[in-house]
Amino acid sequence: MVPRTSIHLAGYAAAAAESCKLSSIFVAPTPNNYASSLETLLKNDCKSGTIHIKDALNHFNNMLHMQSPPPTSSFNLLLGALAKTKHYNDVISLYNRMVGVNYSTDFITLNILLNSFCSLKLSGFGFGVWSGNAERALLLHREMSNGNVLFGVLFRPNLVSYSMIIDGLCKEGLVNKAVKAFLEMKEKRISPDVVVYGSMVHGLSDASKWEEAKAFFNEMVDQGIRPNVVTFNVLINALCKEGKIEEGSTLLDLMVQRGEKPDSITYNTFMDGFCLEGKVDNARQLFVSMAAKGEERDVISYNILINGYCKCGRTNEGWRLYKEMLQKDYKPTVITFNTLLTALFQGGKVGDGRELFGEMQRCGVTPDSSTYNILLDGFCKNNWLTEAMELFQLLDKTGHKLTIEMFNCVIDGLCKGGKLEDATKLFESLSPKGLVPTVVTYSIMIHGFCKIGQLDKANNLFLEMEKKGCLPNVVTFNTLMQGFCDNNDAPHVVDLLQKMAEKHISPDLSTISLVVELLSKDDKYHEYLNLIPTFSAWSDKFALKSQTFSLILADATSSMQNIAAGPPSQRL
C-alpha cells in the first residue's frame, strides 16, 4: 500500500524532477495550496509518529526548494518526528543541509539537534577526538551557552537542553561530566526537575556510585521535588544489585508513604534481588502477593522466578512455573527458554532439552546466539558429540553467524571426546572465517594437547598466543603447568610461575594445589622452592596474596619433611 503522503506528492515530485529544464516558476505550481496541505500532513503524520523516512526526506526536499519556504516550525515538526523514530543520523544530516543554504533555525531546532547528538551512542561519528556524541552535544551546548550566535540563532540554555545533555552523558557512562553539567546548570539558576535528578540517579547507579546516587536522591527530596516511580525503581534496583535488600525495602516504604504506587518493575526488581541472594522462597512470596495487591504479573516476573529456581537447582519448580505461564496465556520469551535449557542440560536431561527446543520453535520463539551456545555446550558436556556436530554444521550451512563462543563449545567437546585432530582443524579454520581465538580457545587447545602428553605443541601454542597479543590468564597457566606437573617436569613449572609473577597474574587455589603436588613428587623440592617467585596483588576474589601462597607452601614443605623423617617415635 502506497502511503497517502507519497500519493499526494507524486505530481509534485515529477515536476521537481524536471526543474533543470523548466523555469523555477513551475517547480511548485500551487505553492500556497501545497504549503497549506503540507502543514496539515506534517501535523497529522509527524505528531502521530506514522511518517515514513522516505516520505520525510521527500517532504524536506520539497520544503527546502519551495519559492516561499514554510516556517521553521514546519521543519521542526519534521525533524522532531525523525528524532522520535530514532533516525538521529538523518536529523543531523538534514540540519546541516538547512544551515548550508542559510535557512533560519530557532532554539527548538537546536534542542532537537542536541537531543539527536545525545541519543547517538556511536563513537567517532565524524567528530574526531570525541568519544561519543553526548560529548559533542555538550561542546555545542556550551558554545551556545556562552552567548555565541550559532547559525544566526541566539541560544539560551534551558531546562530542556540541560536535561537532554545530562541524560545523554549518563547513558554513555560519562557521569563525571554529567555532574559538571548539573552544577553548571544550577550556577545559571536553572532548577533541575525530577527528570534531571532521575537521570543523575540512574547514571550514578549504573556506574556503581551508590553513595553519590543516594546524595542526589536526598537532595531532590530536600528541594521538595517529588521522586516518581521511575526514580524510586532505579534506586531500588541499584540497592538490590548490591545485596542491600533491607535498604531497598526501606526505600519502598518511603515510596508508598509519598503516594507513589509500586508497579510491576518495582516488584520484579525485588524478586530479582531476592533471587540473587538465593532467597527464592522470598521471591515466590512476593510473586504471589502481586496478584493480591492488584499488580499484574508479566513475563519478566515469571522469567525472574524461573531463573531463580533453576540457579538454585530447583529445576522442577521452574518447569512448573513455565507450564503455569502457558496455562495463563503468557507467551514465553527466548530468555524463558534459554534459562530452562541451561538448567536441563546442566542436570544431564539432554532429551528433555531437545524436546523443549522443539517446543520453543512451535511457540514461534526465534532462537538467538545464546540458545545455540547453550545447545552446543549442553550436547558437548553431556557427550552427545554427534548431535553437537550436526547442529554446528547445520548452522554453518544455513548461513547462521557462528561466534567464537560456539567454536569454543565444539572444540572443547572434541578435545574431551579424544578427537584432537578434528579440534585442531576447527581451531585452524577460525582465521579464514574472520574469527580471533580468545584466551578460552587457547586454554582449551592447550588442555587438549596436555591431556595426550603433547607438551611441546601445548607450549608452542602458549607462546603463539602471546605473540598474537592474546594474554594468558591463570587458567591457561594452570592448564599448562598441570601438563608439566603430570610429566614430573618441575623446571618448566617453576618457569611458568616466574612468568605469572612477571605478568602480575596471581595464583589461585588450583595453582597452589598443583605446585604442592609437584614438590611432593620431587626430592629436590628445596631447590625448586627457593626458585618460586613472590606474588603481590590480588587478581580476583579467588586469588591469594603472596603471604598466603608462601605460608601454604611452607606448611606443605614442613609436612613433607616430617614424612621424610618418619613417625615421631623414629625421630632422634
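**Entry 1: H15 and H16**

I looked up the crossing of H15 and H16 and found that H15 passes H16 in a left-handed sense (the near helix is turned anticlockwise from the far one by less than a right angle; clockwise would be right-handed). The model is predicted, local features need pLDDT of at least 70, side-chain atom pairs count only at pLDDT 80 or more, and totals for chains, interfaces and linings use all residues. Residues are numbered from 1 along each chain as its sequence is written, and side-chain values use heavy atoms, with hydrogens and water left out.

I noted helix H15 as residues 280-292 and helix H16 as residues 299-311, packed at an angle of about 160° with their axes 10 Å apart. Helices are DSSP runs of H or I with at least four residues, numbered from the N terminus; axes are lines fitted to C-alpha atoms over the stretch in contact, and angles run from 0 to 180 degrees between N-to-C directions. The angle makes H15 roughly antiparallel to H16 (over 145 degrees; under 35 counts as roughly parallel).

I listed the contact (heavy atoms within 4.5 Å): Val280, Ala283, Arg284, Phe287 and Met290 of H15 with Ser301, Tyr302, Leu305, Gly308 and Tyr309 of H16. By class, the contact of H15 with H16 holds seven nonpolar, two polar and one charged residues (Ala, Val, Leu, Ile, Met, Phe, Trp, Tyr, Cys and Pro are nonpolar; Asp, Glu, Lys and Arg are charged; the others, Gly among them, are polar).

**Entry 2: H24 and H25**

I found that the axes of H24 (residues 439-451) and H25 (residues 455-467) come within 7 Å and cross at roughly 165°. H24 is therefore roughly antiparallel to H25, and their crossing is left-handed. On the H24 side I recorded Val439, Tyr442, Met445, Ile446, Phe449 and Cys450, which meet Leu455, Lys457, Ala458, Leu461, Phe462, Glu464 and Met465 in H25. The contact of H24 with H25 has eleven nonpolar, no polar and two charged residues.

**Entry 3: H18 and H20**

I read an angle of about 10° between H18 (residues 334-346) and H20 (residues 369-381), with the axes 10 Å apart. That makes H18 roughly parallel to H20. Val334, Asn338, Leu341, Thr342 and Phe345 of H18 make the contact with Ser370, Thr371, Ile374, Leu375, Gly378 and Phe379 of H20.

Note on methods
Helix = DSSP H or I, 4+ residues; strand = E, 2+ residues; numbered from the N terminus. Parallel < 35°, antiparallel > 145°, perpendicular 65-115°, else oblique.
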